[in-house]
Amino acid sequence: MSVRFSSRHIVLLGTTLLGSSLVMPVTGLCAAPTAKAETPHKKTKNRTSVSSNRIRDVSGGNESVIVTGTREFGKKARDSISPIDVVSNRQLAATGQPTLRDALSLLLPSLTVPTAGFDAGALTDTIALRGLNPNETLVLVDGKRRHTTANIYADPGPSQGATPVDIDMLPMSMIDHIEVLRDGASAQYGSDAIAGVVNIITKKQDHGLSMRSNTGITSDGDGFQQGVYLDGGFNLNNRGYVHIGGDFVHQDHAFRSGKDSRTNTYANQLLSTPEQTRESVAVTAGYDLTENVQAYASATYAHRHAESYQNYRLPTTLTAYPGYAAKYPYGYSPIMGLEENDYELTAGFKGMLAGWHWDLSTVYGRDFDRFDALSTINSAVYKADGRTPTNFYNAQGYNNSQWTSSFDLSRKLNFSFWPHSINIAGGAAYRYESYSIGTGSADSTAGSGSDGIPGTTKYNAGNWSRDVASGYIDIATHLMKNWQVDLAGRIEHYTDVGNAKTGKISTRYDFSPRFAVRGTFSSGFHAPTLAQQHYSALAVSPTAARGLIAANSPGALANGASQMKPEQATSVEGGIVVEPIRKLHVTVDAYQIDLRDRIQPGGNIYGEQAYKALQANNFPLPDGSQNWSAGQLSTYWFANVANTRTQGLDINATYPSEFGRFGHVDWDVAINLNRTRLRHQGTSTTGAALLSVPYVAYLTTAYPRSKIIFGGRWHSPNNTWAVSIHEIRYGQTTSNLTYYTGPNAFSTTNYREFQNAPKWTTNASVTYNINTRWSATIGGNNIFAAYPSAVPKENRYLGAPKYYMSTNQLGITGGYYYLDISARF
């Protein structure tokens, strides 16, 4: 007998309106890869009905079947153990945001994104859960581990060191829904799942066509964005399906810089969002080879072109180079250009054998980033032969790939000695990871390199790889009729950092259909990434330079660096699921995450000491840098810098109100309270503290102490109209800022404690369903154009960065207004 579960049968009840659309807070454990739903190709009358973004269950059940929430097939949300947020494609579209990352940030209070990005860090879209580094969040696609970006976030801030999955390289048009597990799950999935898991479920329907256009602009009249999204499904002889989708997204710069302190003009465009154009496509397919065996495959490809500004260079810097002075009579702003190609291929077989669900698969993913230095100079080239190249292509190149093969089993068993069924799951996986840094072109590496974006020298280039083998087992059962328990354990072996053992126990007790308690205790593990172990680079500004050197390099070892150890985590979580009055659904979950040996940049050294360390690593330094002050020249490396404790509380509540001929309103509130404390600071082999004052703030106070989303969505009786209004409150962040003018200029001991005050934003939209196929929405996010707190002028390098970018609070662009038109056939 063939057992199948269709994504068309998955229905989401008890939905929570967050941002400008619906999000469902459900309670379940994220499933192993074997537990993902199988999607048949045959059409059925029993499928999800969606009208005006309101998802209703017409399958006869009281709650949705959790696709990723358990290793048990057919598990429902009401029976699950740990908290999960479920977000559908329509909910993402209803935010009006053209990118997945920004859409999720308006829907989930436990998820945050950077205020803005520096340099290459602005060109990768990162997300963070529960105030931890993006590396601590695992991203899956259809239950399979997704490969990560090759573009490391190398600049100072809470995301520094992250090479996460860039979720915007997946076409939004191909996303059926997303499940976000707010719980540590290293024992279930392996490394990276300390803060939680984001599982992106792709579309697999064998019919239909969807089209969407999104056009928007910021409140300052810049930052124009355009997105076009298409997808459709095809039937394969009533035995299989193919679903294809693609996105085209373009975004212009949004400039928010203050006046340049050197010119008293706005020539310095450093504080801006990048310009980017992204094309992405994906295909999923499945075919029934027999009644009990299905072959499946998927592929994604994305290309991104992006550009971000560096600090403006004055015309006087070109006095000694007449050829360049003629090209740039008014000075110049170096531009970092990115050409990124990202793809992933998945193939596998799954089915039933002797009562066992089995899944055999292999996934290969690769991300390649080529960085170009544009609109800049290289004085060494001019001095050597009088040439004046202004664009230096292939200045830097990074490649990251993962090849994962896995086999998973799951079965529900009954024994005479136990009154309840026992679900047993297990599996094994092998993963090959590689990371490489390419050598820059000759012109980009000559002398001290192309200005602003120096090319990578042969001393910093290389190829590295490792193998990871793992095995896990999961056992779920009931101890009593109303008491369920789930045990999981995993063993992993890394060829570069050794072995790891992790475990997890989750339990839930239902006192009544309207009240339950749940809890989880787990251990976690996160190995240092290959990029963290081997990346090195030099960022050069007009009067300063900052290096990041590999921990095992001569310059780092001479100053107290040591080999990095894996991060270790212990997590405990407890909560309640309650319906105090009919239709009022409330979940409350408290959590504590103790993270030991956290990997962040540390071992900061300055001035002459930094100069010698960079020289030992063969970095080409700017002329005169040997005489710069301690605050102008620095370098550091990745290390196990600290032990931290993160504590927080998640609250979700939903309530529908019916007003008869006046329609109905779905109300919601979602709250995340979060705090991280430093418990122990690491030291180098020389006994020096690894963390500076600003870096302590990046770990502990750069994420908002709270994020609150509340509001409602009104629907007319015939669903012709819908109006949504939601408030988002971002809590305070605190940073320690460097002085750039005054008596403490470039001090490495005196910093300004800067508080970015709480901010309120309002999101609103009006939707008109023209007919059953076409709909139009006009709306805005942050419609009253709130901005982060302004940085004091003494703490703005060259005056431009009037908002502090190294936090995860409110973004710098202000209001965003959009028109969204969609059609479904």
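This is a predicted model: local features need pLDDT of at least 70, side-chain atom pairs count only at pLDDT 80 or more; totals for chains, interfaces and linings use all residues.

Me: Which helix is tyrosine 382 found in?

Reply: Tyrosine 382 sits in helix α5, which covers residues 379–385.

Me: And what does tyrosine 382 touch, leaving out residues up to four places away in sequence?

Reply: Tyrosine 382 touches Ala320, Tyr321, Pro322, Gly323 and Tyr324, and also Arg387 and Thr388. Glycine 323 is 59 residues from tyrosine 382 along the chain, yet their C-alpha atoms are separated by 7.9 Å.

Me: Tyr324 is on that list. Which residues touch the most other members in the largest nonpolar core?

Reply: Tyr324, Tyr535 and Trp637 do, in a core of 61 residues. Strand β31, residues 633–658, gives the most to this core, with seven residues.

Me: What does a second, separate core include?

Reply: That core has 31 residues, among them Leu100, Leu111, Leu132 and Ile593. As a general point, nonpolar side chains tend to be buried together in soluble globular proteins.

Me: Changing topic to helix α10. Is α10 enclosed or open?

Reply: Largely enclosed by the rest of the structure, because six of the eight residues of α10 (693–700) are buried.

Me: Which ones are buried in α10?

Reply: Pro694, Tyr695, Ala697, Tyr698, Leu699 and Thr700.

Me: What do the buried residues of α10 pack against?

Reply: They pack against four strands: β30 (585–606), β31, β32 (664–681) and β35 (733–737).

Me: Now the whole chain. How many helices and strands?

Reply: The protein chain has 10 helices and 39 strands. Its radius of gyration is 26 Å, close to the 28 Å from the globule rule for 825 residues, so the chain is as compact as a globular protein of that length.

Me: What box do the C-alpha atoms fill?

Reply: Roughly 85 × 55 × 50 Å, along the principal axes.

Me: How far apart are the mean positions of the positive and negative charges?

Reply: They are 5 Å apart, for 71 positive and 65 negative charges.

Me: Last one: what share of contacts joins residues at least 24 apart?

Reply: 73%, counting contacts between residues at least 6 apart in sequence.

How values were computed. Residues are numbered from 1 along each chain as its sequence is written. Side-chain values use heavy atoms; hydrogens and water are left out. Helices (H or I, at least four residues) and strands (E, at least two) are DSSP runs, numbered from the N terminus. The radius of gyration is taken over C-alpha atoms; the globule rule is 2.2 Å times the number of residues to the power 0.38. Contact means heavy atoms within 4.5 Å. Lys and Arg count as positive and Asp and Glu as negative; His and the chain ends are not counted. The place of a charge is taken as NZ of Lys, CZ of Arg, CG of Asp or CD of Glu. A nonpolar core is a set of buried Ala, Val, Leu, Ile, Met, Phe, Trp, Tyr and Cys residues joined through side-chain atoms within 4.5 Å. Buried means under 20% relative accessible area, exposed over 50%, partly exposed in between (1.4 Å probe, protein chains only).
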